[in-house]
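Could you keep the model open while you read my notes?

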Amino acid sequence: MATTRSSKSKKPKVCLVLQGGGALGAYHIGAYQAMKEAGFEPDWFAGISIGALNSAILAGNEPENRLSQLETFWNRISRPSSDVVIPSETAESYNTISASQALLFGQPNFFTPRPVNPFFAFPGTEGAISFYSTAPLFSTMNDLCDFERINTKKNRLILGATRVTDGELIFFDNYKLPLGAEHPIASGSLPPGFPATRVGDEFYWDGGCVSNTPLDGILDVADENDDLLIFMVDLWNAHGDLPKTMNEVMWRQKEIQYASRSSHNISAIVDRHNLHNLQKKLEVGSEAVPNATNLKEGGKIDIVHITYDAVQGHIPLSDTEFSRRSIEIRRNCGYEDMTKAIESSPWTKRASTLNACVHRKDRTNGWDCGDKVTKITAKKKAS
């Protein structure tokens, strides 16, 4: 006879899944801050690209130091700005200047431009395969992230990167191998801006070359009976308005490129787990499920999904725009969205018949109860 789980659910593992998106990753700061204040300290972290860097810093520090170290990271990789208030009507010009500065001069403690254009560099050298060097980032990550703590497995850390030679998305997991600064940096090595990062005998590019959300990295290693409460923090919105200008076209193209895989993957995951639950409802011995007596009920999975929605004044290069003004705005958006998600606690209103549920905020600020997939996120206020 099949075993049945107790009606009293055990405490779920809290997982924080952080998407890639360059400078938009400041949104993660506020999202984590809201979780921390509400008592949802993650057990597992997963990230790709800037999400991998943020995840490594969070996992590589004691809980009481995580937020301050994450703040330090973003302060180090950005330049001080004046206290002059930038009106929203001039924000686009201000952001364009800021992004241009990053492209021309790099970002402190993050990346620096090559002295020779790669098209004129000697083939086979690192200078010939990228426009910037990420050498400063190794020092930054080693300063702010305790990899010894990560490798003692106090928390699980999973980072996605693309293996250059075969295009496979590979997940680095601290439960399976020791991690160092090269692993999160490999996850964020987006070509052609950054060179591939060597890990062991292989070279890796940004995980976003294949999939920009590391949700599968969590679900692939979870035990079948684990209860998971997954806070998934995305930076690119699959839903948007029809563009009216070329700048809007360029931005919308990026959103679709980096967000579409995320929505598809979540829906597939929900279908897979709910099908497993549906099979349990069939009569034992049914010809449709000949091995029904051996089916396990499986753990409950709740995915709370929030997504950054660009504010007024954003530009097509917002993911390379690291001004402290924009960092603060994005952080505040993440804090506001996650606070509302936790206050609503949609996972407590889930359909009890479903094993896996996605909880997304729609544009009317309402939350679904996990029994259907709705639009992703609310419209943001103008900055």
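Here are my points, starting with the ground rules.

1. This is a predicted model, so to speak of local features pLDDT of at least 70 is needed, side-chain atom pairs count only at pLDDT 80 or more, and totals for chains, interfaces and linings use all residues. Residues are numbered from 1 along each chain as its sequence is written, and side-chain values use heavy atoms, with hydrogens and water left out.

2. Please look at Arg252, in helix H9 (residues 246-281); helices (H or I, at least four residues) and strands (E, at least two) are DSSP runs numbered from the N terminus. Arg252 has a relative accessible area of 12% and is therefore buried (buried is under 20%, exposed over 50%, partly exposed in between, with a 1.4 Å probe and protein chains only). Beyond its neighbours within four places in sequence, Arg252 is in contact with Asn237, Ala238, His239, Gly240, Asp241 and Pro243, where contact means heavy atoms within 4.5 Å.

3. Ser49 has a positive phi, near 60 degrees, and sits in the loop between strand S2 (44-48) and helix H2 (50-59). With a relative accessible area of 10%, Ser49 is buried. Lys153 has a positive phi of about 65 degrees and lies in the loop between helix H6 (147-151) and strand S5 (156-163); at 40% relative accessibility, Lys153 is partly exposed.

4. Which peptide bond is cis, with omega near 0 degrees? The one from Pro191 to Pro192. Pro192 belongs to the loop between helix H7 (182-187) and strand S7 (197-199).

5. Phe120, in the loop between strand S3 (112-113) and strand S4 (132-133), is exposed at 69% relative accessibility.

6. The structure holds two cavities of 30 Å³ or more. A cavity is a set of points on a 1 Å grid over the protein atoms alone where a 1.4 Å probe fits but cannot get out, and lining residues have an atom within 4 Å of a point. Grid points are joined across faces, edges and corners, and a volume is the space filled by probe spheres set on the points. The largest cavity has about 90 Å³ of space. Of its 14 lining residues, the closest to its centre are Asn95, Tyr308, Val311, Ser326 and Arg330. Helix H4 (91-105) and helix H10 (324-344) are the elements that give two or more residues to this lining, and H10 gives the most, with four residues.

Key
On a 1 Å grid over the protein atoms alone, a cavity is a set of points where a 1.4 Å probe fits but cannot get out, and a pocket is an open set with protein on both sides within 12 Å along at least five of seven lines; lining residues have an atom within 4 Å of a point.
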